[in-house]
Amino acid sequence: MATAELATPTFSLQQFQDQLGRVYHQPVSVHSFTNKRFTVNFRASLADVQKLLPPTLEPDEIGETGWGMFGMCACDFWVSRLGWLPIPRIRNNDMLFRVSARVRKGGETHRAFYTISSNSSSRLLGFLGRRFSHFRKRVSRFHRVDDGAQYALACLGGGPNTPGKLQATMKSVSKTRPDSTIFAGIQAATDFVFNIDGSCGYDFRSKRLSFQQIDYPEWDMYFCHECDYEFPLLDQLVDTLGIEAEFDSILFMQNTRQTWGSAWLYPEAITARD
């Protein structure tokens, strides 16, 4: 797995992300079925969250609190169709570092998540995603345990740019609100983190944006109350950029179908505020 320089006195988000992977058009939609997904969420001031985003994107604010959000998704899923073409189901483990953002396109503002980095176990999906998406995909080895009592997912390889690992206790999953969260309850957390318009990306070199619409289901979301995790890449960026982050919550969902739409790069000039 490629290693990008991180902790330097003249840190550049552009240089760091460009070393992780490129951003490009995604010409076809992708149809997936998620087995399980855990999303570990952290909140920080809007000014701090902006440090994780290109200047042309802005953080999505949690209500009128002055807070934004970022986090790490750990999940496994199958892909069964690329565009109109059914394919033999491809199983994939994935860890994705995401930031809640707002992106403009065609005079409209969309709520979307921006991807810092994404690691996949499938060589085919990693190959295609690295060349034809805005997720900056990398192929990595994973270890997964899903035995009913626990769910554990680890991206192997070590080093500061490894997404990390997560181990959750399944009996701790419930609708009960944890004291740590800023949200009033599970519906408010779901609405902010997952009831969004899609995903977005940015190509620093050409100064072009990408927005991808995602067809979401009616979420059946839960909080997870017992979970251990280590996220070296997230921790390194938070420390390097001087972000004062607070743990918020861990969201869990399972058995979910999604369609990730096609996406095409467009000039950032058309996003100028009215």
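This is a predicted model: local features need pLDDT of at least 70, side-chain atom pairs count only at pLDDT 80 or more; totals for chains, interfaces and linings use all residues.

Biologist: What makes β9 and β14 a pair of strands?

Modeller: The bridges do. Two strands pair if there are at least two bridges between them. Strand β9, residues 165–169, and β14 share four bridges, in the antiparallel sense. Four meets the cut-off, so they count as paired.

Biologist: Which sheet do they belong to, and in what order do its strands run?

Modeller: An open sheet of four strands, in the order β7-β8-β9-β14. The pairing is antiparallel. Neighbouring strands are turned by 0° against each other on average, with direction ignored.

Biologist: Why are β7 and β14 called edge strands?

Modeller: Strand β7 (142–146) and strand β14 (227–230) each pair on one side only.

Biologist: Back to Y229. Why is its ring pair with F247 called stacked?

Modeller: Two values decide. The ring centres of Y229 and F247 lie 6.3 Å apart, and pairing needs centres within 6.5 Å. Their planes stand at 25°, and under 30 degrees counts as stacked. So the pair is stacked. It also links distant parts of the chain: Y229 is in strand β14, F247 in strand β15, 18 residues apart.

Biologist: Which cluster of rings takes in Y229 and F247?

Modeller: Ring pairs link F42, F70, F97, Y229, F231 and F247 into a cluster. The structure holds 19 aromatic pairs.

Biologist: What makes the pair of F135 and W260 edge-to-face?

Modeller: Their ring centres are 6.1 Å apart and their planes stand at 80°. Planes over 60 degrees apart count as edge-to-face, so that is the name for this pair. F135 lies in the loop between α3 and β6 and W260 in strand β15, so the pair ties together parts that are 125 residues apart in sequence. F135 and W260 are both buried.

Biologist: Where else do F135 and W260 turn up?

Modeller: In the lining of the largest pocket. F135 and W260 are among the residues that lie nearest its centre, along with Q26, V30 and K137. The lining has 31 residues, and the pocket holds about 550 Å³ of space.

Biologist: What is that lining made of?

Modeller: It divides into 18 nonpolar, nine polar and four charged residues. Strand β3 gives the largest share, five residues. Elements that give two or more include β1 (30–45), β4 (85–105) and α3 (123–131).

Biologist: What makes the phi of R136 worth a remark?

Modeller: Most residues other than glycine have a negative phi. R136 is not a glycine, and its phi is positive, near 50°. R136 sits in the loop between α3 and β6. Its relative accessibility is 2%, under the 20% cut-off, so R136 counts as buried.

Biologist: And what about K207?

Modeller: K207 has a positive phi of about 55°, although it is not a glycine. Its place is the loop between β11 (198–203) and β12 (208–215).

Key. Residues are numbered from 1 along each chain as its sequence is written. Side-chain values use heavy atoms; hydrogens and water are left out. Axes are lines fitted to C-alpha atoms, for helices over the stretch in contact, and angles run from 0 to 180 degrees between N-to-C directions. On a 1 Å grid over the protein atoms alone, a cavity is a set of points where a 1.4 Å probe fits but cannot get out, and a pocket is an open set with protein on both sides within 12 Å along at least five of seven lines; lining residues have an atom within 4 Å of a point. Grid points are joined across faces, edges and corners, and a volume is the space filled by probe spheres set on the points. Ala, Val, Leu, Ile, Met, Phe, Trp, Tyr, Cys and Pro count as nonpolar, Asp, Glu, Lys and Arg as charged, and the others, Gly among them, as polar. Rings of Phe, Tyr and Trp (its six-membered ring) pair if their centres lie within 6.5 Å; planes under 30 degrees apart count as stacked, over 60 as edge-to-face and the rest as tilted. Buried means under 20% relative accessible area, exposed over 50%, partly exposed in between (1.4 Å probe, protein chains only).
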